[in-house]
Structure formats: structure tokens, C-alpha cells
Amino acid sequence: AAAEEDDDDDIDLFGSDDEEEDQEAAKIREERLRQYAEKKAKKPGLIAKSSILLDVKPWDDETDMTKMEECVRSVHMDGLVWGASKLVPVGYGIKKLQISCVVEDDKVGTDILEEEITKFEDYVQSVDIAAFNKI
């Protein structure tokens, strides 16, 4: 029984211990990794975008909503595209401007966008994010 156990030790089930084969496999692996890195560097990166729906609230019912919309749309930034808008009744004759935009996440942040819109103090009371979706 002891002789049979010794025979099992001679069988290498997990590959060879030859260093030449390991070095060659390492060289091949390094070459493939280098080729993959070069290929990856040539590809343009994916641009992360988000769709944002903003609620822009006026001071009162006498605020000129068309002028407020013009002011909001006058905000221009690299990576910002304005979309559709509509007036939504809030109550007591007051309406808020609901406007959508698409932004590139790396270029335009929501804080900067809100800050730029609230600079129009004569028209804009506040800006809220009604919806935020990654594209």
C-alpha cells in the first residue's frame, strides 16, 4: 500500500514546475496586457450625461414668466443643452417654470447650474431639481 501512495506523488495534476514555461507564459501575458492597454488608450472615453428637470419658481404672480424663461435659457455652459419647458400652476395664480436640460457630468454640476440661474434675482426666487436621470 505504501508503494502505491508514492506513485501518486509523482503525478503533477496542476501543471509543470519548469521555470522556462512560466517565464514564457509571463512574457506572453505581459505582451497581451500591453496590447490591451494600447487598444484601450485609443478608444474615446464614454461621456457621462444626465437629464435634469428643474423647477424654477418666481417671486409672485406678477413675475414676467417669458422673461424669466429667457433669462434661464441665457445660461450657457460647455456641456449644457436646454430642452423643453412648460408653466405649471402652483397655486394662488402663481406658476412655476419647469424646464429640462441635458448636462455632461464632468463639465456641469447641479450646484453651478442652480447658482447661475438664481443670479437673476428680479425673476427667480428659487430653483429645485424635480428629476435627475443618468443617460
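**Strand pairing, core and helix packing in the predicted model**

In strand E3, Cys 101 is the bridge partner of Ile 52. This pairing is described for a predicted model, and it belongs to the contact between E1 and E3, two strands that run antiparallel and are joined by eight bridges. On E2, E3 pairs through nine bridges, again in the antiparallel sense, and here Leu 97 of E3 is the bridge partner of Leu 87. The hairpin formed by E2 and E3 has two residues between the strands, and within this hairpin Tyr 92 adopts a positive phi near 55°.

Taken together, the strands form an open sheet of four, in the order E2-E3-E1-E4 and with antiparallel pairing. Because E2 and E4 stand at the edges and have a single partner strand each, one side of each of them is left without a neighbour in the sheet. On average, and with direction ignored, neighbouring strands of the sheet are turned by 20° against each other. Helix H3 packs on this sheet and touches E1, E2, E3 and E4, with its direction at about 15° to that of E3. Helix H4 likewise packs on the sheet with contacts to E1, E2, E3 and E4, and its direction makes about 150° with that of E4.

The largest nonpolar core comprises 18 residues, and those with the most contacts inside it are Leu 54, Val 56, Leu 80, Trp 82, Cys 101, Leu 113 and Ile 117. Two or more residues of this core are given by each of strand E1 (49-58), helix H3 (65-73), strand E2 (80-91), strand E3 (94-104), helix H4 (110-118) and strand E4 (124-134), and the largest share, four residues, comes from E3. In soluble globular proteins, nonpolar side chains tend to be buried together. When residues up to four places away in sequence are not counted, Trp 82 touches Leu 54, Val 72, Arg 73, Val 75, Ile 99, Ser 100, Cys 101, Leu 113 and Ile 117.

In H3, the residues Met 65, Met 68, Cys 71 and Val 72 are buried. They lie on the same side of H3, because the arc that they cover around the axis is only 115°. An α-helix has 3.6 residues a turn, so residues three or four places apart point the same way. The cover over the buried residues of H3 includes E1, E2, E3, H4 and E4.

Lys 96 is placed in strand E3 and counts as buried, because its relative accessibility of 16% falls under the 20% cut-off. Its side chain makes a polar contact of 3.1 Å with the side chain of Asp 55. With neighbours within four places in sequence left aside, Lys 96 is in contact with Asp 55, Val 56, Lys 57, Pro 58, Met 65, Lys 86, Leu 87, Val 88 and Val 90.

Asp 105, by contrast, is found in the loop between E3 and H4 and counts as partly exposed, at 24% relative accessibility. The side chains of Asp 105 and Ser 50 are joined by a polar contact of 2.6 Å. Apart from residues up to four places away in sequence, Asp 105 touches Ala 48, Lys 49, Ser 50 and Lys 134. Asp 105 is also 8.0 Å from Ile 47, C-alpha to C-alpha, although 58 residues separate the two in sequence.

Notes. Residues numbered from 1 in each chain as written. Predicted model: local features only at pLDDT ≥ 70, side-chain atom pairs only at ≥ 80, totals over all residues. Heavy atoms only, no water. Core = buried A, V, L, I, M, F, W, Y, C linked by side-chain atoms within 4.5 Å. Buried < 20%, exposed > 50% of the residue type's maximum accessible area, 1.4 Å probe, protein only. Contact = heavy atoms within 4.5 Å. Pairing = 2+ DSSP bridges. Axes fitted to C-alpha atoms, helices over the stretch in contact; angles between N-to-C directions. Polar contact = N/O pair within 3.5 Å; in protein donor to acceptor, adjacent residues only side chain to side chain. Arc of directions from axis to C-beta.
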